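Try each task before reading its solution.

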Amino acid sequence: LIVDLYFGRNGPHGGVSERRWSRFLAQEVTPRFPDGLTVVDGAGQWREAAHKRIIRERTKVVTIAVAATDSVYERIAAVTEAYKRLFHQKSVGVIVRAGCAAF
């Protein structure tokens, strides 16, 4: 599987700094996906449902190539729930697709 996780970095308490992001990556993501991943900085946008306005924010995109097992979905959910809880986020974007990878 190829998993892309989209982490918006705006927030009600000043957003997610590089330092806080690095700590989250080390404590929450890496232990669950220790075989490797890629992080890319992005500029995301989404439409806020209540006011129908476009919100733009800095984003971290994490891409992980991983075997399709039952536990992978539990690990993805654990990462996204931790991010939402720690940084007061409403959501984390998740895309999972079939893929073929070799290293």
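**Exercise 1: the sides of α1**

Sort the listed residues of α1 into buried and exposed.

Step 1. W21, F24, L25, E28 and V29 of α1 are buried (buried is under 20% relative accessible area, exposed over 50%, partly exposed in between, with a 1.4 Å probe and protein chains only).
Step 2. These residues lie on the same side of α1, because they cover an arc of only 105° around the axis (the arc is that of the directions from the helix axis to the C-beta atoms).
Step 3. R19 and Q27 are exposed on the other side of α1.
Step 4. The cover over the buried residues of α1 includes β1, β2 (38–48), β3 (53–65) and α2 (contact means heavy atoms within 4.5 Å). Helices (H or I, at least four residues) and strands (E, at least two) are DSSP runs, numbered from the N terminus.

This is a predicted model: local features need pLDDT of at least 70, side-chain atom pairs count only at pLDDT 80 or more, and totals for chains, interfaces and linings use all residues. Residues are numbered from 1 along each chain as its sequence is written, and side-chain values use heavy atoms, leaving out hydrogens and water.

**Exercise 2: the sides of α2**

Find the buried residues of α2 and what covers them.

Step 1. Buried in α2 are V72, I76, V79, T80, A82, Y83 and F87.
Step 2. They sit on the same side of α2, because their arc around the axis is only 155°.
Step 3. D70, E74 and R85 are exposed, on the face of α2 turned away from its buried side.
Step 4. Among the elements covering the buried residues of α2 are β1 (2–8), α1 (18–29) and β4.
Step 5. H88 follows α2, with a positive phi near 55°.
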